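Please keep the sequence and the structure in view while reading.

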Amino acid sequence: MKLVITASLKETEYEPLRKKVTLEILKKAARKSLEGLGDNIKNSKKITGTLLNKIYLTTPGGAARVVFLIQISENQSVLVMIRLKNDKKVGSNMTVDNPRFRAILEKNLDSILRDLNLGMYEVYEV
């Protein structure tokens, strides 16, 4: 099982919370996601062979939510979004019915697809 973090998402999603949500915590969350734990959520974009999965985290920095794009056939989890529960932009409402979440989700998915095509990503065993 693998966790993929693209260059764009590492900069915009992971780095700002790196001290509160360590790489080890993120890897454990990715493993849980790949094992089918968490909640599958609707995707605003249809990407064949994938699904979005939301995992709830308890970290030293407080409660958080992380969304992964699961590539079913390759058993890979791609980081899409990570937010603390008290995030002012998204908060705990991480669904496509939330227009703020949907806008960030679509932007992040576009960045992920671009970075994957350019080979700009890191892969971690989970």
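## Helix α3 and its ends

Helix α3 is followed by Gly 119, which has a positive phi near 75°. The model is a predicted one. At the other end of the helix, a side-chain oxygen of Asn 98 comes to within 3.0 Å of the backbone nitrogen of Arg 100. A glycine with positive phi also comes just after α2: Gly 36, at about 95°.

| Helix | Number of residues | Reach, first to last C-alpha | Expected reach |
|---|---|---|---|
| α3 | 20 residues | 29 Å | 28 Å |
| α2 | twelve residues | 16 Å | 16 Å |

In α3 the reach is close to the expected value, and so it is in α2.

## The chain as a whole

The chain has three helices and six strands. Read from the N terminus, the order of these elements is β-α-α-β-β-β-β-α-β. The radius of gyration is 13 Å, close to the 14 Å that the globule rule gives for 126 residues, so the chain is as compact as a globular protein of that length. Along the principal axes, the C-alpha atoms fill a box of roughly 30 × 30 × 25 Å.

Of the 126 residues, 46% count as buried. The chain exposes about 6800 Å², and carbon and sulfur atoms supply 50% of that area. Among contacts with a separation of 6 or more, 56% are between residues 24 or more positions apart.

In soluble globular proteins, nonpolar side chains tend to be buried together. The largest nonpolar core of this chain has 21 residues, and those that touch the most other members are Leu 3, Leu 26, Leu 57, Val 66, Phe 68, Leu 79 and Ile 82. Two or more residues of this core come from each of β1, α2, β3, β4 and β5. Helix α2 gives the most, with five residues. There is also a second, separate core of 17 residues, which includes Leu 9, Leu 52, Phe 101 and Ile 112.

## Inside helix α2

The buried residues of α2 are Ile 25, Leu 26, Lys 27, Ala 29, Ala 30, Ser 33 and Leu 34. They pack against β1, α1, β3, β4, β5 and β6. An α-helix has 3.6 residues a turn, so residues three or four places apart point the same way.

Why does Ser 33 count as buried? Its relative accessibility is 4%, and the cut-off for buried is under 20%. Leaving aside neighbours within four places in sequence, Ser 33 is in contact with Asn 53, Ile 55, Phe 68 and Ile 70.

## Inside helix α3

The buried residues of α3 are Phe 101, Ile 104, Leu 105, Asn 108, Leu 109, Ser 111, Ile 112 and Asp 115. For Asn 108, the relative accessible area is 1%, which means that this residue is buried.

Which side chain makes a polar contact with the side chain of Asn 108? The partner is Glu 13, at 3.1 Å. If residues up to four places away in sequence are not counted, Asn 108 touches Leu 9, Glu 13, Val 80 and Met 81. Of these, Leu 9 is also one of the residues of the second core.

Note on methods
Residues are numbered from 1 along each chain as its sequence is written. This is a predicted model: local features need pLDDT of at least 70, side-chain atom pairs count only at pLDDT 80 or more; totals for chains, interfaces and linings use all residues. Side-chain values use heavy atoms; hydrogens and water are left out. Helices (H or I, at least four residues) and strands (E, at least two) are DSSP runs, numbered from the N terminus. The expected span of a helix is 1.5 Å times one less than its number of residues. Buried means under 20% relative accessible area, exposed over 50%, partly exposed in between (1.4 Å probe, protein chains only). A polar contact is a pair of N or O atoms within 3.5 Å; within protein, one must be able to donate a hydrogen and the other to accept it, and residues adjacent in sequence count only if both atoms are side-chain atoms. The radius of gyration is taken over C-alpha atoms; the globule rule is 2.2 Å times the number of residues to the power 0.38. Contact means heavy atoms within 4.5 Å. Accessible areas come from the Shrake-Rupley method with a 1.4 Å probe; for residues, only the protein chains shown count as cover. A nonpolar core is a set of buried Ala, Val, Leu, Ile, Met, Phe, Trp, Tyr and Cys residues joined through side-chain atoms within 4.5 Å.
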